[in-house]
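Please open the structure in your viewer and keep the selection tool at hand.

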Amino acid sequence: MTTRGILIILVLISTKIITMAQDRADNPIIRHIYTADPSAHVWKDGRLYIYPSHDIDPPKGCDRMDRYHVFSTKDMVKWKDHGEILSAEQISWGRAEGGFMWAPDCAYKNKTYYFYFPHPSGSNWNNTWKIGVATSKKPASDFKEVGYIKGVGGFAMIDPCVFIDDDGQAYLFYGGGRKCQGGKLKDNMLEIDGEMKDMGGLEDFHEAAWVFKRKGIYYLVYSDLKKKANQLRYASSTTPLGPWKYKGILLESTNCDTSHGSVVEYKGQWYLFYHNSAISGRGNLRSVCFDKITFNEDGTMNTVIQTG
Ligand code: FUB
């Protein structure tokens, strides 16, 4: 065999080895549609699911975002698009003009998946936000809208996050426009139990609250107000509703004006899911990414290294 022939075989073998060794999809992980604001959860079937919002091309700000898809994986390499689960047209109490289906979340309780989504009820969209709920017995299909959470909403109050503690108590967090609130949910997952209260101690809070727990510490991750280049910051607490103590930057600016993330543990590794504009170069045509999170002995998190 010629030297050239041997070289070609070596290149082919090394390419195969690299392909076989790949343990994750490259960022952005979803490339056939635009997706943002990913809420990641691991459900009892052992798969990791993402509930993102869906940027519509061509965009008009974030006005035209009017439907949701769900994605899942079992190996962090292949991501399955389960298709559309809900659209603005299906929301009985929603604004007549549609659009504005922004950052959602999903929770599992009572053998039911509860999908929470912010959506305005009026033409004056930023003053009429509500937190809608759709339910299903399956994680990625058959969702039916069942109304909205009474007593919460109004100006800029978006981005619901539902956290369920080890004792089964569910908490709702949400907010935007510099205000974050948290409170208990009743067992029915549709009503607030008591009062929502302001979450203090979150330096430079903008929107995108996400709460999780690790080794007895509660963490609240959120987007800050850095101009045209929001970052994800975080605070921690010994109780689910604070008081919160600011801890630092979890994700520096991506190439996008907004930032929005979620944190999840999967197969022994902690991950941050977030979005950037790497595919479109436009802040309202975003794409979901993920990268590893590392923790220090004292429970603090290191700033995530963004991979391409
Ligand atoms: O995707 C629409 C809005 O942009 C979200 O609700 C915010 O968190 C920001 O990412």
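**A loop position with positive phi**

Begin with Lys267, which is located in the loop between strand 17 (262-266) and strand 18 (269-276). Please note that the model is a predicted one. The phi angle of Lys267 is near 50°, a positive value in a residue other than glycine. Is Lys267 buried or exposed? With a relative accessibility of 64%, Lys267 counts as exposed, because the cut-off for that class is over 50%.

**A strand position with positive phi**

Next, select Asp37, which belongs to strand 1. Asp37 is not a glycine, yet its phi is positive, at about 55°. Most residues other than glycine have a negative phi. Asp37 has a relative accessible area of 7% and is therefore buried, as the limit for that class is under 20%.

**The ligand and its surroundings**

Keep Asp37 selected and display the ligand. A polar atom in the side chain of Asp37 lies 2.5 Å from an oxygen atom of the ligand. How much of the ligand's accessible area does the protein cover? On its own the ligand has 280 Å² of accessible area, and the protein covers 97% of this.

Now extend the selection to the residues around the ligand, namely Asp37, Ser53, Met65, Trp102, Ala103, Ile158, Asp159, Glu207, Thr258, His260, His275 and Arg286. Colouring this shell by residue class shows four nonpolar, four polar and four charged residues. If a pocket surface is displayed, the ligand will be found in the second largest pocket.

**Two cis peptide bonds**

The peptide bond that joins Asn27 and Pro28 is cis, with omega at about -10°. Pro28 is part of the loop between helix 1 (3-21) and strand 1 (34-42).

Which loop holds Pro58? It is the loop between strand 2 (48-55) and strand 3 (67-73). Select Asp57 together with Pro58 to view a further cis peptide bond, for which omega is near 5°. Most peptide bonds are trans.

Return to the loop between helix 1 and strand 1 and select Arg24. Arg24 is buried, its relative accessible area being 16%. Follow the side chain of Arg24 to the backbone oxygen of Phe290, which it reaches at 3.0 Å.

**Thr112 in strand 6**

Move to Thr112, a residue of strand 6 (residues 112-120). Its relative accessibility is 9%, so Thr112 counts as buried. A polar atom of the Thr112 side chain lies 2.9 Å from the backbone oxygen of Asn110.

Finally, select Val152 in the loop between strand 8 (144-148) and strand 9 (161-164).

How values were computed. Residues numbered from 1 in each chain as written. Predicted model: local features only at pLDDT ≥ 70, side-chain atom pairs only at ≥ 80, totals over all residues. Heavy atoms only, no water. Near = heavy atom within 4 Å. Polar contact = N/O pair within 3.5 Å; in protein donor to acceptor, adjacent residues only side chain to side chain. Areas by Shrake-Rupley, 256 points an atom, 1.4 Å probe, with all protein chains shown as cover. 1 Å grid on protein atoms, 1.4 Å probe; cavity = no way out; pocket = protein on both sides within 12 Å on 5 of 7 lines; lining within 4 Å. Sits in = over half its atoms within 2 Å of the grid points. Nonpolar A, V, L, I, M, F, W, Y, C, P; charged D, E, K, R; others polar. Helix = DSSP H or I, 4+ residues; strand = E, 2+ residues; numbered from the N terminus. Buried < 20%, exposed > 50% of the residue type's maximum accessible area, 1.4 Å probe, protein only.
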